[in-house]
Amino acid sequence: MPISLLPIFYKVFEKVMYNRLNQQLHTNNILVPEQHAFRKGMSTKDAAFRLTDSVLTSFNQKLHVGGIFCDLSNAFDCVNHEILLTKLHFYGIQGTTIEWFRTYLTNRKQKVEIKLSNSTQNLVSDWGILKHGVPQGYILGPLLFLVYINDLSLRINSFAEPILFVDDTSVIISNRNFIEVSTTANPVLTRMIEWFSDNKLVLNLEKTNITKFVTNNLPYCALTIGHGD
């Protein structure tokens with residue numbers, strides 16, 4: 001994972017902008033309730049509880065339940081700067097503030113250094129300009145990613161129940177008819193793939209699974225996407 005190096009003075013500005021953006025998002029209730037990461041009073045436990053509760057509630061209602069579990073490849077590194085800036089502007093970050101975010105994201109440079117165990121010299125690449133991605137290792141990057149992925153659940157929440165924790169995306173589908181669960185899973189996954197494509201994120205189909213949840217007295221059934229099954 002790349003390490004972002006910022007001057008102390010720049011870190012102060014980052015903290016200030018984090019507080020302003022965070023206040024904007026929470027005061028105006030912008031972040032979707034399906035997102036559980038980097039929010040006050042929420043954690044991985046809340047996301048896990050919501051998923052478990054959704055499945056068990058469906059069982060209590062005698063519904064068939066299926067789940068889609070998505071895996072994104074290098075999600076933070078694939079964030080498109082112009083798309084992110086457009087979303088920030090849509091959520092009310094405008095004027096000099098949006099221009100600050102533009103300078104924060106664009107024209108960043110990185111290089112790779114490889115330490116050789118049998119040499120006193122290291123291999124160092126030339127500096128390259130980053131054309132996408134949010135800085136990692138500081139507080140502002142994760143919050144910007146939440147803004148970037150915020151509208152994903154709006155694409156599918158009328159068909160299924162999404163549960164998000166940063167880039168970990170789980171979707172629960174329930175119905176009294178299992179055929180309807182299977183029928184709904186395909187358009188939901190299609191909508192998600194389209195959203196990921198539109199937003200320049202890469203869905204790892206090899207690690208993305210569709211699973212049927214069952215009670216202990218029923219056989220287990222699972223389908224893995226991308227293996228031609």
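Thr97 is buried, with a relative accessible area of 12%. Buried here means under 20% relative accessible area, exposed over 50%, and partly exposed in between (1.4 Å probe, protein chains only). Thr97 lies in helix H4. Leaving out residues up to four places away in sequence, Thr97 touches Met17 and Arg20. Contact means heavy atoms within 4.5 Å.

The model is predicted: local features need pLDDT of at least 70, side-chain atom pairs count only at pLDDT 80 or more, and totals for chains, interfaces and linings use all residues. Residues are numbered from 1 along each chain as its sequence is written, and side-chain values use heavy atoms, with hydrogens and water left out.

The chain holds seven helices and eleven strands. Helices (H or I, at least four residues) and strands (E, at least two) are DSSP runs, numbered from the N terminus. The C-alpha trace spans about 60 × 50 × 30 Å along its principal axes. Of the 229 residues in the chain, 41% are buried. Among contacts between residues at least 6 apart in sequence, 67% join residues at least 24 apart.

Two packed helices are described by the angle between their axes and the distance between the axes. Axes are lines fitted to C-alpha atoms, for helices over the stretch in contact, and angles run from 0 to 180 degrees between N-to-C directions. Helix H4 covers residues 95–105 and helix H5 covers residues 140–149. Their axes come within 13 Å and cross at roughly 115°. H4 and H5 are therefore roughly perpendicular to each other. Angles under 35 degrees count as roughly parallel, over 145 as roughly antiparallel, 65 to 115 as roughly perpendicular and the rest as oblique. The crossing of H4 and H5 is left-handed; that is, the near helix is turned anticlockwise from the far one by less than a right angle, whereas clockwise would be right-handed. On the H4 side, Trp100, Phe101, Tyr104 and Leu105 take part in the contact. They meet Leu140, Gly141 and Leu144 of H5.

Helix H3 (residues 81–90) also packs on H5. The angle is about 80°, and the axes are 9 Å apart. That makes H3 roughly perpendicular to H5. Ile83, Leu84, Lys87 and Leu88 of H3 meet Leu144, Val147 and Tyr148 of H5. Ten of the ten residues of H5 are buried, so H5 is largely enclosed by the rest of the structure. Among them are Pro142, Leu143, Phe145 and Leu146.

Strand pairing was examined next. Two strands pair if DSSP finds at least two bridges between them. Strand E8 (residues 168–175) pairs with strand E1 (residues 64–70) in the antiparallel sense, over seven bridges. Gly66 has Ile173 as its bridge partner in E8. E8 also runs antiparallel to strand E7 (residues 161–165), to which five bridges join it. Here Phe165 is bridged to Asp168 of E8.

The hairpin of E7 and E8 has two residues between the strands. Val166 is found in this loop. Its phi is near 55°, a positive value in a residue other than glycine. Most residues other than glycine have a negative phi, and most peptide bonds are trans. At 7% relative accessibility, Val166 counts as buried. Lys62, in the loop between H2 and E1, also has a positive phi, near 60°. Lys62 counts as exposed, at 70% relative accessibility.

His36 lies in the loop between helix H1 (8–27) and helix H2 (44–60). It is buried, at 4% relative accessibility. His36 and Val166 are 130 residues apart in sequence, yet 7.5 Å apart in space, C-alpha to C-alpha. Leaving aside neighbours within four places in sequence, the contacts of His36 include Ile163, Leu164 and Phe165. Met42, Ser43, Asp46, Ala47 and Arg50 are in contact with His36 as well.

A search of the whole structure finds zero disulfides. A disulfide is a pair of cysteine sulfur atoms within 2.5 Å. For Cys70, the closest cysteine sulfur is in Cys78, 15 Å away, too far for a bond. Cys70 is buried, with a relative accessible area of 7%. Cys78 also counts as buried, at 18% relative accessibility.
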